[in-house]
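Work through the exercises below with the sequence and the 3D view side by side. Try each task on your own before you read its solution.

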Amino acid sequence: MAALIAENFRFLSLFFKSKDVMIFNGLVALGTVGSEELFSVVAFNCPCSPARNYIYGLAAIGVPALALFLIGVIWNNHTWNLVAECHKRGTKNFSAAATFLLFGSIMGRASVAPITWSVISLLRGEAYICALSEFVKPSSLDKFPAEYGAEVLAKFPCRDIPSNLTRFRDEVTRRLRYESQLFGWLLIGIVAVLVFLTKCLKHCCSPLSYRQEAYWAQYRSNEDKLFRRTAEVHSRILAAKNVKQFFGFVALDKEEKELVQEFPVEGVQPSPQWNAITGVYIYRENKGFPLYSRLHKWAKGVEGNGPTPEGHELLFLAS
């Protein structure tokens with residue numbers, strides 16, 4: 001039983017660590033939906049007050065979306081590769097198309113969660129109704145009492161109204177919910193069309209075959225996994241050597257002792273090597289041979305980062 005549970009946890013761990021874009025975006029969207037539902041149940045409370053409803057309703061949609069967008073930018077590896085690139089080399093080696101593509105990749109990946117949040121908020125309609133109820137024109141409501149104005153309309157989302165206005169509250173709520181859901185479905189349609197056109201443009205403009213592009217994605221994923229795993233072991237062994245030099249001994253467990261014996265670490269990589277393998281990388285070839293990453297280019301001893309007469313630049317980043 002314990003082994004079965006361990007296998008299930010291992011599968012879930014591998015699943016959630018997957019670099020596949022569709023799976024990653026799906027998980028982000030699913031998590032955003034759950035967060036929005038929780039927010040609506042626990043935190044959303046319309047103030048039902050003129051001038052406050054509009055600010056609160058828009059903030060309930062916009063502020064979480066902005067926060068999710070910034071988190072998406074922060075979590076994207078391309079963001080920090082771009083920062084490192086600008087800091088070390090500038091963007092003189094990038095064409096305008098490559099620069100546009102890079103920013104588009106960062107913004108597109110970061111937009112999954114905020115768009116999902118906005119769509120779910122619009123489909124639910126609560127924030128939209130709260131924000132715009134006070135702006136409904138009384139003249140558009142048949143036989144609406146003249147003595148009531150925006151102050152009463154602002155209280156419609158809270159149901160704290162005179163009994164003779166219940167019919168009008170239902171009509172206003174239904175009208176605003178219709179508008180909100182319409183905007184939500186339109187947003188879904190627009191995003192779907194943009195994603196479809198982007199995928200078509202990518203495959204039409206890519207100089208790589210489908211199989212080579214898939215191989216490139218697999219290579220980058222495997223390189224990243226192996227690099228992280230090796231860096232973790234290298235740093236642990238180096239730390240063990242330094243601790244031993246300071247104390248005269250180091251307390252290692254059995255696995256760490258085997259690592260120290262199996263992989264002797266003589267020193268650390270100099271900064272120029274780290275700089276050479278850090279930063280933005282867009283697919284390039286050298287004399288007809290593909291270079292799949294900065295590490296691959298460094299290992300082949302290829303200098304520079306700009307396109308050369310013997311090579312070309314792919315205008316799409318790896319997934």
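This is a predicted model: local features need pLDDT of at least 70, side-chain atom pairs count only at pLDDT 80 or more; totals for chains, interfaces and linings use all residues.

**Exercise 1. Helices α6 and α9**

Task: Find how α6 and α9 are oriented towards each other, and describe the contact between them.

Solution: Begin by locating the two helices, of which α6 spans residues 112-124 and α9 spans residues 166-205. Their axes lie 7 Å apart, and the helices pack at an angle of about 150°. Angles over 145 degrees count as roughly antiparallel, and α6 and α9 are therefore roughly antiparallel to each other. As for the hand of the crossing, α6 and α9 cross in a left-handed way. The next step is to look at the residues that touch, which on the side of α6 include Ile-115, Val-119 and Leu-122, and on the side of α9 include Phe-183, Trp-185 and Ile-188. Sorted by class, the residues of this contact of α6 with α9 are 9 nonpolar, 5 polar and 2 charged.

**Exercise 2. Helices α3 and α6**

Task: Work out which orientation α3 has relative to α6, and which classes of residue form their contact.

Solution: Start with the axes of α3 and α6, which come within 8 Å of each other and cross at roughly 160°. This angle makes α3 roughly antiparallel to α6. The crossing of α3 with α6 is right-handed. On α3 the contact is made by Ala-60, Ile-61, Pro-64, Ala-65, Leu-68 and Phe-69, while α6 brings Ala-113, Pro-114, Trp-117, Ser-118, Ser-121 and Leu-122. When these residues of α3 and α6 are divided by class, 10 are nonpolar, 2 are polar and none are charged.

**Exercise 3. Helices α10 and α11**

Task: Determine how α10 and α11 are oriented, and name the residues that meet.

Solution: The axes of α10 and α11, the latter covering residues 254-262, come within 10 Å and cross at roughly 90°. The angle makes α10 roughly perpendicular to α11. From α10, the residues Val-233, Arg-236 and Ile-237 meet Glu-256, Leu-259 and Val-260 of α11. By class, the contact of α10 with α11 holds 4 nonpolar and 2 charged residues, and no polar ones.

**Exercise 4. An annotation compared with the model**

Task: Which residues does the UniProt annotation "transmembrane region" cover, and what does the chain look like over residues 54-75 and 182-201?

Solution: According to the unreviewed UniProt entry, the annotation covers residues 21-42, 54-75, 96-117 and 182-201. Over residues 54-75 the chain is 100% helix and 0% strand, with its end C-alpha atoms 32 Å apart. Over residues 182-201 the chain is likewise 100% helix and 0% strand, and there the end C-alpha atoms are 29 Å apart.

**Exercise 5. Positive phi**

Task: Where in the chain are Ala-51 and Lys-287 placed, and what are their phi values?

Solution: Ala-51 is in the loop between α2 and α3, and its phi is near 75°, a positive value in a residue other than glycine. Lys-287 is in the loop between β1 and β2, and Lys-287, although not a glycine, has a positive phi of about 55°.

Definitions and conventions: Residues are numbered from 1 along each chain as its sequence is written. Side-chain values use heavy atoms; hydrogens and water are left out. Axes are lines fitted to C-alpha atoms, for helices over the stretch in contact, and angles run from 0 to 180 degrees between N-to-C directions. Helices (H or I, at least four residues) and strands (E, at least two) are DSSP runs, numbered from the N terminus. Angles under 35 degrees count as roughly parallel, over 145 as roughly antiparallel, 65 to 115 as roughly perpendicular and the rest as oblique. A crossing is left-handed if the near helix is turned anticlockwise from the far one by less than a right angle, and right-handed if clockwise. Contact means heavy atoms within 4.5 Å. Ala, Val, Leu, Ile, Met, Phe, Trp, Tyr, Cys and Pro count as nonpolar, Asp, Glu, Lys and Arg as charged, and the others, Gly among them, as polar. UniProt positions are given in the numbering used here, feature names are shortened, and annotations may be inferred rather than shown by experiment.
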